[in-house]
Amino acid sequence: MRLSIIFIPLLSLVPCIIWLWYFSSRNLYKRPSSRILTGTFVLGGLATIPALFLNLFGQSMLIGIFGPGQMTHLLALLFVVGPVEEISKFAVVFLFPYRSSEFDEPLDGVVYSATAALGFAAIENFVYLAQNEPTLVLLRGPLSNPGHALFSALWGLSLSRARAAPNLFRERFPILATGILAASLLHSLFDILLVAATHLTIFFFVLLLIAMVGLFIFVRAQIIYHRETSPHRAGTIFLPTGRFCQECGARGASGTRCIKCGVFIPEPEEMQLCPACSTPQRPGAKFCARCATSLKLPARENLHTAPHFSTVTPEGEERIAFILNQNEVHVGRTLNNEFVIPHPSVSKRHARLVCGEVEDGQYLIYDLESSNGTFVNGRRVKEMPLVDGCEVRFGRVNFVYRAPGEAARGEAARREADAV
């Protein structure tokens with residue numbers, strides 16, 4: 001009895017701690033917060049409590065409809081257990097680490113989702129070991145711990161993608177729903193194959209093992225990709241603009257010295273880029289020399305009632321990139337900014353937008369000493385109020401600022417002037 005009191009918690013925790021070390025150590029450029037990791041692990045374990053009650057409630061409903069039996073048990077695994085457990089773990093990450101400033105790069109989606117899942121798995125391990133079912137424990141031991149982490153990594157990656165997507169429900173919800181649905185389906189299939197391996201044949205165990213190895217390879221590939229593209233790996237890439245030397249006329253790059261005469265070539269006071277492909281344009285150009293997009297942005301019907309930034313496609317179509325629904329918005333490359341721009345020319349903390357400092361409802365933009373600058377209508381600025389229809393560029397990424405309220409006030413003023 002005393003041995004079981006010692007070994008059951010030990011055997012429950014040790015595999016989870018090993019896998020937790022594996023996932024948390026994948027990031028070479030930023031050490032995850034110990035406080036956030038510990039809190040997420042503990043909350044993941046506590047998530048088993050609501051998951052237990054929801055599982056019992058869902059299973060009782062299925063039994064009431066279909067009656068007890070093997071088919072009902074399989075339906076419960078498919079439609080109740082997998083979705084309930086994945087949503088419970090998702091809620092932990094969404095409500096705690098996702099809202100923290102520590103969640104600032106795509107790889108954090110994998111790290112914190114795996115952490116919550118392993119906390120959940122630790123409690124599950126304790127329950128199964130306490131039941132003293134050696135066969136089930138033998139099958140679950142090598143697979144259930146990494147299984148929980150790998151399933152949850154799917155919606156963890158979706159959380160990171162959603163943070164970088166435009167802050168619209170129609171843009172972010174499908175990303176999150178797809179991740180949760182994929183994780184729930186794979187979790188349910190894992191449980192079904194595990195039951196089949198326990199009661200039928202070793203063939204299902206081999207099939208389950210192959211599926212888990214394939215999922216591990218996929219998640220590992222995602223980890224490597226996001227580690228190599230981490231915004232913490234290197235500083236902002238400085239992208240100079242081609243320009244002719246003002247002394248000798250040789251072609252060079254602004255912000256550097258001329259290779260022919262050594263004179264410093266300054267940044268132009270105004271530098272217009274194509275809103276679609278970001279190619280530098282000659283002064284006075286009306287169409288992009290590269291993609292033929294119109295450089296004169298016409299007045300358009302606003303895409304949203306709140307002030308927002310839009311991107312412009314090569315066809316001239318505007319699409320919402322970010323809605324300014326807060327009084328203060330930070331712009332930058334890392335995911336802990338409200339407006340995330342994952343481009344190498346954008347600094348980690350690039351600019352700040354503040355509402356109401358000049359006029360109610362009007363936004364003022366501040367450059368936060370970014371590497372490649374903040375531009376309004378082609379002019380590099382430190383701070384400037386934004387007006388409806390102006391072009392705003394962060395580094396080499398262009399947007400159009402739309403403020404429906406300003407447009408309406410301007411139209412009213414023009415009508416009043418005409419009436420007078």
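User: What does buried mean for a residue here?

Analyst: Buried means under 20% relative accessible area. The model is predicted, and in it strand β10 (residues 363-367) is mostly covered, with 5 of its 5 residues buried.

User: What makes both faces of β10 count as covered?

Analyst: In a regular strand the side chains alternate between the two faces of the sheet. On one side of β10 are Tyr363, Ile365 and Asp367, on the other Leu364 and Tyr366, and all of these are buried.

User: Why is β9 said to pair with β10?

Analyst: Two strands pair if there are at least two bridges between them. Strand β9 (residues 351-355) and β10 have 5 bridges, in the antiparallel sense, so they pair. Within β10, Leu364 is the bridge partner of Val354.

User: How do you know that β10 pairs with β13?

Analyst: By that cut-off of at least two bridges. There are 3 bridges between β10 and strand β13 (residues 383-385), so this is an antiparallel pair. Leu364 has Pro385 as its bridge partner in β13.

User: Why is Cys16 called buried?

Analyst: Its relative accessibility is 0%. The limit is under 20%, so Cys16 counts as buried.

User: And what makes Cys390 buried?

Analyst: Cys390 has a relative accessible area of 3%, which is under 20%, so the word applies.

User: How many disulfides does the whole structure have?

Analyst: A search finds 0. A disulfide is a covalent bond between the sulfur atoms of two cysteines. To be counted, a pair of cysteine sulfur atoms must lie within 2.5 Å.

User: How do you know that the span of helix α8 agrees with its number of residues?

Analyst: Helix α8 (residues 202-228) has 27 residues, and at 1.5 Å a residue these should span 39 Å. The C-alpha atoms at its ends are 39 Å apart, so the two values agree. Buried residues of α8 include Phe205, Leu208, Met212 and Leu215.

User: What makes β6 and β12 edge strands?

Analyst: An open sheet of 6 strands, with antiparallel pairing, has the order β6-β5-β15-β14-β11-β12. β6 (318-323) and β12 (379-381) each pair on one side only. On average, neighbouring strands of this sheet are turned by 35° against each other, direction ignored. Inside that order, 3 bridges join β11 (residues 374-376) to β14 (residues 391-394), and Val376 stands opposite Val392.

User: Where does pLDDT stay under 50?

Analyst: Over residues 407-420, for which the model has 3 contacts beyond four places in sequence. The protein chain averages a pLDDT of 83, and 80% of the residues score at least 70.

How values were computed. Residues are numbered from 1 along each chain as its sequence is written. Side-chain values use heavy atoms; hydrogens and water are left out. Helices (H or I, at least four residues) and strands (E, at least two) are DSSP runs, numbered from the N terminus. The expected span of a helix is 1.5 Å times one less than its number of residues. Buried means under 20% relative accessible area, exposed over 50%, partly exposed in between (1.4 Å probe, protein chains only). Axes are lines fitted to C-alpha atoms, for helices over the stretch in contact, and angles run from 0 to 180 degrees between N-to-C directions. pLDDT is the predictor's confidence in each residue, from 0 to 100. Contact means heavy atoms within 4.5 Å.
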